[in-house]
Amino acid sequence: MLLPVIVYYVVFLYLPMYGLQIAFKDFSPAKGVWGSPWVGFDHFVSFYDSYYFWRLIRNTVLISFYELIFGFPAPILLALLLNEIRVRIFRNVVQSITYLPHFISIVVVSGMMIDFLSSDGMINQLTGLLGLPSVSFLISPEWFRTIYVSSGIWQGVGWGSIIFLAAISGIDPSLYEAAKSDGAGRFRQIWHITLPGILPTIMIMLILRFGTLMAGGSMEKILLLYNSTTYETADVISTFVYRRGLLQMDYGFSAAIGLFNNVMNFLLLVAANRFSRKINNTSLW
């Protein structure tokens with residue numbers, strides 16, 4: 001039963017690591033991996049010295065940071081609120097409504113954002129009725145991160161709450177009964193029982209989130225939402241690798257950037273895991 005899984009990881013994850021060497025070569029498809037000349041760390045140095053380096057790092061970290069600050073707590077808060085609902089029918093309706101956006105394609109969600117936020121879209125029509133000026137959301141760099149993060153929260157908050165609801169269901173009900181007998185209200189029960197009970201789950205999810213901190217969110221969604229006028233705040237490492245590697249066919253340079261990005265994510269994951277293990281003895285390994 002394990003064999004198909006092992007074969008999948010070997011074929012699609014481990015064997016492709018053979019191609020990482022093109023990050024240290026002036027790769028040419030005609031010459032192949034072995035035939036392309038070595039250039040050492042030239043691609044890494046060129047990336048560090050380039051005009052785009054600090055802009056890409058800043059945009060990648062800021063988008064991931066905003067997702068961490070605003071997006072990560074959202075499913076936890078929703079799970080806590082759903083757990084406090086005593087009317088089962090209402091709870092099921094709310095859960096269904098919040099789960100549905102997860103099943104909408106990123107392409108469709110991006111199309112919805114473009115339609116709603118265009119110059120003659122619904123948002124500008126509503127603000128026009130209030131006497132407010134029209135805003136060009138899609139070509140304004142200062143609006144991109146807000147649009148990206150808020151739409152991501154809307155799409156993923158319901159689905160993300162499932163794991164925290166499962167963790168809450170595993171808490172011993174006798175703890176709540178004991179707290180009630182001691183006069184603890186709902187807020188104190190949440191603070192002293194529910195949150196400590198799901199803290200290990202929160203820490204594991206937080207560690208995994210740190211492992212993607214340098215990913216800069218979903219590359220596909222950014223590609224669908226950004227344009228040349230919003231590169232200042234929207235262009236992240238993954239989208240730059242896509243343009244440089246696939247569109248400009250500079251494979252060696254883009255492979256070097258991708259390797260740098262993955263190494264940084266790995267180091268952040270290890271650091272977050274060690275920090276969590278020292279703080280509350282919860283870790284991935």
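# Notebook: an all-helix chain, looked up piece by piece

**Two positive phi values.** I began with M249, which sits in the loop between α14 (237–247) and α15 (251–280). Helices here are DSSP runs of H or I with at least four residues, strands are E runs of at least two, and both are numbered from the N terminus. M249 is not a glycine, yet its phi is positive, near 60°. I noted that M249 is exposed, at a relative accessible area of 56%. My cut-offs are under 20% relative accessible area for buried, over 50% for exposed and partly exposed in between, with a 1.4 Å probe and protein chains only. N281, in the segment after α15, also has a positive phi, about 60°, without being a glycine. N281 is exposed too, with a relative accessible area of 65%. A reminder to myself: most residues other than glycine have a negative phi.

**Ground rules.** I am working on a predicted model, where local features need pLDDT of at least 70 and side-chain atom pairs count only at pLDDT 80 or more, while totals for chains, interfaces and linings use all residues. Residues are numbered from 1 along each chain as its sequence is written, and side-chain values use heavy atoms, with hydrogens and water left out.

**The whole chain.** I found 15 helices and zero strands. The C-alpha trace spans about 75 × 55 × 35 Å along its principal axes. Of the 285 residues, 37% count as buried. I take contact to be heavy atoms within 4.5 Å. Among contacts between residues at least 6 apart in sequence, 66% join residues at least 24 apart.

**The cores.** Which residues touch the most other members of the largest nonpolar core? They are I76, L80, I198 and I202, out of 22 residues. Such a core is a set of buried Ala, Val, Leu, Ile, Met, Phe, Trp, Tyr and Cys residues joined through side-chain atoms within 4.5 Å. At least two residues each come from α5 (73–84), α9 (141–169), α10 (173–181) and α11 (186–210), and α5 gives the most, with six. Leaving aside residues up to four places away in sequence, I202 touches F72, I76 and F164. Apart from this core lies another, of 13 residues, I63, V149, I222 and Y226 among them.

**Helix α4.** I checked residues 53–71, which make up this 19-residue helix. From first C-alpha to last, α4 reaches 26 Å, close to the 27 Å expected at 1.5 Å a residue; the expected span is 1.5 Å times one less than the number of residues. Its buried residues include R55, N59 and I63.

**Y231.** Y231 lies in helix α13 (residues 231–234) and is partly exposed, with a relative accessible area of 22%. I also looked up its C-alpha separation from G183, 48 residues apart along the chain, and got 55 Å.

**α7 against α8.** Helix α7 (residues 106–117) packs on α8 (residues 122–129) at about 30°, with axes 4 Å apart. That makes the two roughly parallel. In the contact, D115, F116 and L117 of α7 meet M122, I123 and N124 of α8. Axes are lines fitted to C-alpha atoms, for helices over the stretch in contact, and angles run from 0 to 180 degrees between N-to-C directions. Under 35 degrees counts as roughly parallel, over 145 as roughly antiparallel, 65 to 115 as roughly perpendicular and the rest as oblique.
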